[in-house]
There are 2 protein chains.
Amino acid sequence: MQFSIEPNNGMPIYEQLVRQIKFAVAEGVVVPGQLVPSVRELARQLTINPNTVQRAYQQLQSEEILESLRGRGLAVCIGAKRRCISDRQSLLAERLTEVVGEAVRSGLDHDRLRELIEKAIKQAIRSGE
Amino acid sequence: MQFSIEPNNGMPIYEQLVRQIKFAVAEGVVVPGQLVPSVRELARQLTINPNTVQRAYQQLQSEEILESLRGRGLAVCIGAKRRCISDRQSLLAERLTEVVGEAVRSGLDHDRLRELIEKAIKQAIRSGE
DNA sequence: TTCGGTGTACTATATGACCAATACACATGG
DNA sequence: CCATGTGTATTGGTCATATAGTACACCGAA
């Protein structure tokens, strides 16, 4: 459960959290039934406000990714993994479509575009190992 | 000079404008010396607030893309085209790196990722013609 | 039972983006 | 000259995000 929050990235912090937790469930980093970090613990870990974490957890509950075990914590729902895998594809496709769309509309050569994409992929893989 | 603004896209409206105007200069849709639409005209055209247009124009002046001919309008600076072409590449690469980075970190297969990218490119080209 | 950790709820405050309205200085065309 | 259209500046308001602080109900272990 390693999250990285980037403020000033346009995307609200609570939304970044929602995405990353969904991705973690999709990858099996947290399995159904397992507890996620507590509101206060995760807030302390990321040095953000507990209310912000709470907001992310609240949305994940409304999407039936997490369920509340009051007094104990929040657990990953049973059927959540399949849905998170599906969600991951949708969420990433959505952003990709936006960015690629902007590039094409801007008039950039398709060759240049593919070149930039390949460079981005290599950089992402390299920085992640 | 055809712009499309999407509110609630995370990116502020004035920043969307700055990018699209830079792209237009890079493409030669507006050539150096030519006047861009007036603050009020563009605001009316996009049904946004004149202050928002003003803010975009102000930033473009600080980057020496536009110059103010007070009482007449705003013109594209002489050396601006080359800089805009360079800026376009940087701006698009930056966003691409972010999105691709998120996809890779999320654990998505590289094959799936390339698949999504190809689909996004085809869709962008198709919707643009 | 008691205590600490859990989720949850509520109010208040600060910041940034954006809208709304107004006012002023300048240039152009009648 | 003067009316119109420019850019520019200022003030105030709304909304979403995020922070800060407090309070309550619940569970489990000591």
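This is a predicted model: local features need pLDDT of at least 70, side-chain atom pairs count only at pLDDT 80 or more; totals for chains, interfaces and linings use all residues.
| Residue | Protein atom | Atom of DNA strand D | Distance |
|---|---|---|---|
| Arg40(B) | side-chain N or O atom | base oxygen | 3.0 Å |
| Ser38(B) | polar side-chain atom | phosphate oxygen | 3.4 Å |

The elements that give two or more residues to the surface near DNA strand D are helix 1 (13-27) and helix 3 (50-62) of chain A, together with helix 2 (39-46), helix 3 (50-62) and strand 2 (73-76) of chain B; helix 3 of chain B provides the largest share, four residues. In total 24 residues surround DNA strand D, and the closest are Ile13(A), Asn51(A), Thr52(A), Arg55(A) and Gln61(B). Of the DNA strand D atoms that come within 4 Å of the protein, 64% belong to sugar and phosphate. By class, the surface near DNA strand D comprises six nonpolar, twelve polar and six charged residues.

Within chain A, the domain assignment gives domain 1 (13-82) and domain 2 (87-128), and their contact takes six residues from domain 1 and five residues from domain 2. The area buried between these two domains of chain A is about 540 Å², with carbon and sulfur atoms giving 58% of it; Arg19(A), Lys22(A) and Phe23(A) supply 73% of the area that domain 1 buries against domain 2, more than any other three residues. Two salt bridges are found across this interface, and Glu27(A) forms a salt bridge with Arg88(A), whose closest N and O atoms are 2.9 Å apart.

Terms used. Residues are numbered from 1 along each chain as its sequence is written. Chains are lettered from A and ligands numbered from 1 in the order in which they are written. Side-chain values use heavy atoms; hydrogens and water are left out. Domain bounds come from an automatic or database domain assignment. Contact means heavy atoms within 4.5 Å. Buried area is the accessible area (1.4 Å probe) that two parts lose on being put together, summed over both. A salt bridge is a side-chain nitrogen of Lys or Arg within 4 Å of a carboxyl oxygen of Asp or Glu. A residue is near a molecule or strand if one of its heavy atoms lies within 4 Å of it. A polar contact is a pair of N or O atoms within 3.5 Å; within protein, one must be able to donate a hydrogen and the other to accept it, and residues adjacent in sequence count only if both atoms are side-chain atoms. Ala, Val, Leu, Ile, Met, Phe, Trp, Tyr, Cys and Pro count as nonpolar, Asp, Glu, Lys and Arg as charged, and the others, Gly among them, as polar.
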